[in-house]
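Subject: A structure for you to explore

Hello,

Here is the structure I promised to pass on to you. Please open it next to this email, and then read on for what turned up.

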Amino acid sequence: RVFKRNNPTNDGTIAPDNTGAATVSREKAIVGAAATTVVIPAGAIVRSVTAYVTTAATSSGATDVTIGATVVGTLSDAAGINNITFDAAAVGLLANVGTSDVTLSYTAGTGAVGFLSVVWTARNPDGTITNVGEGYTNE
């Protein structure tokens with residue numbers, strides 16, 4: 001969340017809120033045939049999942065990406081920068097992962113090497129945003 005404590009005239013009045021939120025990314029190593037997991041905090045909205053594969057799999061893995069037990073999309077384990085293809089049916093879960101932390105999981109095929117990058121917007125467990133400095137006065 002971005003909160004500006006002054007206004008354009010800089011006369012000491014607190015500026016009105018804007019509703020930005022912090023975007024967070026987490027990167028984990030991909031080691032072929034082993035699950036790569038990332039814990040996503042409650043209330044988050046998932047923005048992207050990308051596999052940066054430096055060595056392609058010698059045999060394809062399970063290309064499903066799951067959050068909890070739900071398949072949210074597929075991801076290639078071919079060499080290159082591979083963006084997830086989200087499953088439209090998972091839009092509700094992607095828009096708010098729920099009131100508890102969840103684990104995103106992806107397993108590349110044997111021999112694959114690289115990094116998995118997951119990007120989300122951090123929010124309250126119920127999906128709302130609390131403005132930093134909300135309720136402050138300038139006296």
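Let's start in the middle. The largest nonpolar core has 24 residues; a nonpolar core is a set of buried Ala, Val, Leu, Ile, Met, Phe, Trp, Tyr and Cys residues joined through side-chain atoms within 4.5 Å. Ile40, Val49, Leu75, Leu104, Leu116 and Val118 have the most contacts inside this core. Two or more residues each come from strands E2 (35-40), E3 (45-55), E4 (64-67), E8 (102-107) and E9. E3 gives the largest share, 4 residues.

A word on where this comes from: the model is predicted, so local features need pLDDT of at least 70 and side-chain atom pairs count only at pLDDT 80 or more, while totals for chains, interfaces and linings use all residues. Residues are numbered from 1 along each chain as its sequence is written, and side-chain values use heavy atoms, with hydrogens and water left out.

Now for the whole chain. Its secondary structure comes to 1 helix and 9 strands, where helices (H or I, at least four residues) and strands (E, at least two) are DSSP runs numbered from the N terminus. Along the sequence the pattern reads β-β-β-β-β-β-β-α-β-β. Of the 139 residues, 33% count as buried (buried is under 20% relative accessible area, exposed over 50%, partly exposed in between, with a 1.4 Å probe and protein chains only).

Which strands does E3 pair with? E3 pairs with E9 in the antiparallel sense over 9 bridges, and with strand E6 (residues 80-83), also antiparallel, over 4 bridges. Two strands pair if DSSP finds at least two bridges between them. You can find Ala51 opposite Leu116 in E9, and Val53 opposite Gly80 in E6.

Leu104 is worth a click too. Leaving aside neighbours within four places in sequence, Leu104 is in contact (heavy atoms within 4.5 Å) with residues including Ile40, Val49, Leu116 and Val118.

Finally, look at the outside. Tyr52, Ile81 and Phe115 form a nonpolar patch on the surface, with about 340 Å² of accessible area together. Such areas come from the Shrake-Rupley method with a 1.4 Å probe, and for residues only the protein chains shown count as cover. Phe115 lies in strand E9 (residues 113-121) and is partly exposed, with a relative accessible area of 49%. Patch residues have over 30% relative accessible area and no salt bridge, with like charges joined within 9 Å and nonpolar side chains (Val, Leu, Ile, Met, Phe, Trp, Tyr) within 5 Å; a salt bridge is a side-chain nitrogen of Lys or Arg within 4 Å of a carboxyl oxygen of Asp or Glu.

Enjoy exploring!
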